[in-house]
Amino acid sequence: PGGGPRMGEVAVVGAGLTGCLLACFLARRGYQVTLYERRPDPRGRPPERGRSINLALSERGLDALRRIGLDGQVMAGALPMRGRMVHPVRGTPGFQPYSTHGDRAINSIGRGALNDALLAAATGRPGVRAVFGHRLTGLDPASGTMTFQTEDGEVKASAPVVLGADGAGSAVRGRLLAYGTLTETVDLLDHGYKELTIPPHDGDFALDPGALHIWPRGTSMMIALPNPDRSFTCTLFWPADGPGGFASLDAPEAVERHFRAEYPDVMPLAPGLVEDYLRNPVGTLGTVRCASWHAEGRVGLIGDAAHAIVPFYGQGANCAFEDVVELDRCLDAAGDDWAEALPLFEARRRDDTEAIARMALANFVEMRDKVASPVFRLGKSVEHALERALPGRYVSRYELVSFSTMPYARVRRRVRRQHQVLAALAGAGTLVLGALAVRAARGGTGGRGT
Ligand code: FAD
């Protein structure tokens with residue numbers, strides 16, 4: 001880089017989902033974009049083993065893709081999941097639809113295919129280039145000078161605007177922390193995750209591909225999402241340590257015994273399960289909060305780099321895609337003045353990203369524990385009945401998060417209000433019943449007195 005016109009140049013660090021989508025949006029605005037990615041060129045390579053293979057894409061992510069005309073291509077490889085299939089330890093699995101009429105779906109998408117499609121869309125636009133094998137190790141926010149570690153040693157580059165789309169462990173965030181303009185908290189969960197595979201069975205899906213499968217086990221759980229090759233990718237969310245945790249289950253016999261006891265219906269479907277388990281890495285999960293997301297009017301953070309969340313609402317990538325749409329709007333509002341647009345972006349997104357961070361944490365308890373309870377199922381039926389009775393007036397949190405683009409913070413406020421009204425109605429109901437009982441009792445007394 002260097003030598004050419006400096007105006008309108010943006011360096012995006014990280015060619016993951018956020019970085020590639022961001023490059024598409026910026027190129028559309030007329031920017032010259034260079035994507036710097038630490039990994040080798042992923043195009044045509046097999047996906048990394050044991051690292052989140054697929055993800056659930058819902059309305060927020062689709063809305064962003066629609067804006068650059070990529071929704072059709074991405075959805076062509078998607079598998080719609082219309083609800084949860086809950087697998088008890090013993091007995092028949094039960095289906096719980098996500099929407100009132102059971103017609104709305106979240107979509108299982110291959111992460112590699114989605115990243116490839118976004119990368120191709122970005123680099124297919126004039127003004128975008130991608131540089132692989134470049135790991136950012138240094139950044140001077142005052143000048144926009146970046147240092148990269150490459151196979152050929154250290155390389156320097158600079159740009160008037162540098163955006164960190166380099167994920168939860170963001171090096172750009174790390175440089176802003178060292179620079180002194182940023183503070184952060186990283187709350188790691190006691191649970192980690194590990195991926196396993198259920199291969200196709202006689203050439204077909206071994207489980208219903210129209211559902212997201214959950215094996216809720218109280219303090220831990222397993223989920224499975226379908227893939228276009230008719231396999232399922234299972235993800236274990238288990239405690240890192242302690243009984244039933246990853247650390248205590250490291251011998252083949254113990255692993256097999258545990259699966260036979262806790263996930264008996266999975267064992268016959270996944271012959272390579274124990275080998276998968278022993279070979280695949282354990283990933284960490286956590287919530288990253290930091291401020292400020294920008295420095296010197298030219299460096300900014302976006303996506304997981306700014307606000308990584310736990311994956312239990314299936315919203316991390318959806319939220320990151322929504323970030324890109326919002327940054328585009330902020331550039332509109334600021335007339336492409338980055339020193340104005342970056343603070344505006346943080347101001348507009350902070351409450352929303354905090355809201356989804358909290359909802360995602362709360363959903364872990366719902367998925368691993370509550371979905372198995374009859375009381376929860378009854379509650380869901382009542383909720384769906386209310387949604388049918390009060391269309392548009394009562395809408396469940398799941399619907400608002402997954403099937404709308406209502407800002408996350410508004411979703412939280414609205415759901416809280418709905419619950420307050422319900423509690424008041426339930427209270428009023430109790431009062432009415434109480435009053436009727438008292439009247440009936442009085443009526444009885446009066447009758448005896450006359
Ligand atoms: P990343 O995907 O982490 O991409 C960052 C990129 O930057 C990578 O390509 C990386 O190689 C590169 N990079 C990192 N450091 C450097 C450096 N120093 N220099 C240069 N490049 C660098 N979200 C959903 O919406 N739905 C789901 O169902 C879902 N399921 C999930 C399940 C699991 C188990 C996990 C862990 C996450 C899940 N997520 C889900 C969240 C989703 O994966 C993330 O929110 C999303 O990947 C964020 O995209 P990103 O581009 O910001 O970060």
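Predicted model: local features only at pLDDT ≥ 70, side-chain atom pairs only at ≥ 80, totals over all residues.
Local features are described where pLDDT is at least 70 and side-chain atom pairs only at pLDDT 80 or more, while totals for chains, interfaces and linings use all residues. Residues are numbered from 1 along each chain as its sequence is written.

**Around the ligand**

Let's start with the ligand, which is surrounded by 34 residues; a residue is near a molecule if its C-beta atom, placed from the backbone, lies within 6 Å of it. Gly14, Gly16, Gly167, Gly303 and Gly316 are the closest. By type, the shell holds 14 nonpolar, 14 polar and six charged residues. Here Ala, Val, Leu, Ile, Met, Phe, Trp, Tyr, Cys and Pro count as nonpolar, Asp, Glu, Lys and Arg as charged, and the others, Gly among them, as polar.

At least two shell residues come from each of α1 (17-28), β3 (54-57), β9 (135-140), α8 (304-307) and α9 (316-333), and α9 gives the most, with four. Helices (H or I, at least four residues) and strands (E, at least two) are DSSP runs, numbered from the N terminus. Domain 1 (9-78 + 109-186 + 287-365) and domain 2 (188-284) each provide at least three residues of the shell; their bounds come from an automatic or database domain assignment.

**Helix α1**

One of these contributors, α1, has 12 residues and reaches 17 Å from its first C-alpha to its last, close to the 16 Å expected at 1.5 Å a residue. That expected span is 1.5 Å times one less than the number of residues. Because 11 of its 12 residues are buried, α1 is largely enclosed by the rest of the structure. Buried means that 20 or more other C-beta atoms lie within 10 Å of the residue's own, with C-beta atoms placed from the backbone. Among the buried residues are Leu17, Cys20, Cys24 and Phe25. After the helix comes glycine 30, with a positive phi near 100°.

| Partner of β15 | Bridges | Opposite residues | Residues between strands in the hairpin |
|---|---|---|---|
| β14 (residues 211-216) | four | tryptophan 215 and methionine 222 | four |
| β16 (residues 232-239) | six | leucine 236 and methionine 222 | five |

Each turn has a residue with a positive phi: glycine 218 at about 80° between β14 and β15, and arginine 230 at about 70° between β15 and β16.

Conventions:
Pairing = 2+ DSSP bridges.
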